[in-house]
Amino acid sequence: AVFAVVVMDATFEDPALARARNASEKKEPSYSGVPLIIAWLLLTVVFFVWVITNTQEFLPQDAEPAVPPKKEAVLTKCQATEGMECQDDGGFWATQCDGGLIEGSDTVCRCVDEDGNTFPASTGRVDEHGDPECNALRAQCKVLQAGEVLEPAPLPCDEVFNHQQSAECSPHGSPTYKLLQCSTLAPEPCRCVTKTGVVLNATTSFGATDPTTLDQCQQLLDFCSPSALVV
């Protein structure tokens, strides 16, 4: 009977004591991993702050409007040559005068081509119209440089001479004209002509200090004909 009681006592434990024992056997929760989690979160925040701070310079910025560099003014040959009269586009005026073109004055003028080179036999005083016909001389020179014949041409020199008109042929009695033609009625001026007798503009020596010469006429025709073959 005693054994039975003992067994019963061992088998049928007091519920209150069982609950107390079970409660004591339960493990308390461990908080040892919390500091690691907090540290990881802090490192993550620090990392993102560093990334944002150090990548601002690589982010697209509002670009300032580009200012084009200032271009230095490029002078034309005429504008860079002292004492030359230039057109609005920078080219040479055909008529170049000392001190400017003054109508009715004794200003000495000359004709120049597009590159500013002076035409031989074109230097002299401005004529009564205030224009030595330099533009016309430029046009005639271009025709001769192209190997073409100036028009309109007068009669052959020998025919003019036979009609008792003032004309000098070269050689005498031939159909070609002497490059310098002067009137026999003094003081009429001399002027340059082609071998076909076409008068070259701006070569008439109106009141010029030095009258037009045969050498000047030949130089002018050579100047306007690279091949030196003028018809």
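Trainee: I'm starting with Ala-121. Where does Ala-121 lie?

Mentor: In the loop between strand 2 (108-111) and strand 3 (124-125). Keep in mind that we're looking at a predicted model.

Trainee: Why is Ala-121 called buried?

Mentor: Ala-121 has a relative accessible area of 11%. The word buried is kept for values under 20%, so at 11% Ala-121 gets that label.

Trainee: How do you know whether Ala-202 is buried or exposed?

Mentor: Check the number: 12% relative accessibility. Buried needs a value under 20%, so Ala-202 counts as buried.

Trainee: What about Thr-203, and where does Thr-203 lie?

Mentor: Thr-203 lies in the loop between strand 5 and helix 6. With 1% relative accessibility against the limit of 20%, Thr-203 is buried too.

Trainee: Which residues is Thr-203 in contact with, leaving aside neighbours within four places in sequence?

Mentor: Ala-121, which you began with, plus Cys-190, Arg-191, Cys-192, Thr-212 and Leu-220. To be called a contact, heavy atoms have to come within 4.5 Å.

Trainee: And Glu-114? Why is Glu-114 called partly exposed?

Mentor: Glu-114 has 39% relative accessibility. Buried stops under 20% and exposed starts over 50%, so 39% falls in between and Glu-114 is partly exposed. Glu-114 has its place in the loop between strand 2 and strand 3.

Trainee: How far apart are Glu-114 and Arg-138, in sequence and in space?

Mentor: They're 24 residues apart in sequence, and 8.3 Å apart in space from C-alpha to C-alpha. Glu-114 also touches Arg-138, along with Phe-92 and Lys-142, once residues up to four places away in sequence are set aside.

Trainee: How do you know that strand 1 (residues 95-97) and strand 2 pair?

Mentor: Count the bridges: 3 of them, in the antiparallel sense. Pairing asks for at least two, so 3 is enough for strand 1 and strand 2. As an example, Gln-96 has Arg-110 in strand 2 as its bridge partner.

Trainee: Which residues of strand 2 make up its covered face, and which its uncovered one?

Mentor: Cys-109 and Cys-111 are on the covered face, while Val-108 and Arg-110 are on the uncovered one.

Trainee: On to the largest nonpolar core. Which of its residues touch the most other members?

Mentor: The core has 20 residues, and the ones you want are Cys-111, Phe-119, Leu-137, Leu-144, Leu-200, Leu-220 and Cys-224. Helix 4 (134-145), strand 5 (190-192) and helix 6 (214-223) each give two or more residues to this core. Helix 4 has the largest share, with 4 residues.

Trainee: What does Leu-137 touch, not counting residues up to four places away in sequence?

Mentor: Cys-111, Phe-119, Ser-122, Leu-200, Asn-201, Ala-202 and Leu-220. Apart from this core lies another one, of 6 residues, including Cys-157, Val-160, Ala-167 and Tyr-177.

Trainee: What is the volume of the second largest pocket?

Mentor: About 220 Å³. It is lined by 13 residues, and the closest to its centre are Ser-166, Ala-167, Tyr-177, Gln-181 and Arg-191. Sorted by class, the lining has 7 nonpolar, 5 polar and 1 charged residues.

Trainee: Last topic: prolines. What is omega for the peptide bond from Glu-151 to Pro-152?

Mentor: Omega is near -5°, and that bond is cis. Most peptide bonds are trans. Pro-152 has its place in the loop between helix 4 and helix 5 (157-162).

Terms used:
Residues are numbered from 1 along each chain as its sequence is written. This is a predicted model: local features need pLDDT of at least 70, side-chain atom pairs count only at pLDDT 80 or more; totals for chains, interfaces and linings use all residues. Side-chain values use heavy atoms; hydrogens and water are left out. A nonpolar core is a set of buried Ala, Val, Leu, Ile, Met, Phe, Trp, Tyr and Cys residues joined through side-chain atoms within 4.5 Å. Buried means under 20% relative accessible area, exposed over 50%, partly exposed in between (1.4 Å probe, protein chains only). On a 1 Å grid over the protein atoms alone, a cavity is a set of points where a 1.4 Å probe fits but cannot get out, and a pocket is an open set with protein on both sides within 12 Å along at least five of seven lines; lining residues have an atom within 4 Å of a point. Grid points are joined across faces, edges and corners, and a volume is the space filled by probe spheres set on the points. Ala, Val, Leu, Ile, Met, Phe, Trp, Tyr, Cys and Pro count as nonpolar, Asp, Glu, Lys and Arg as charged, and the others, Gly among them, as polar.
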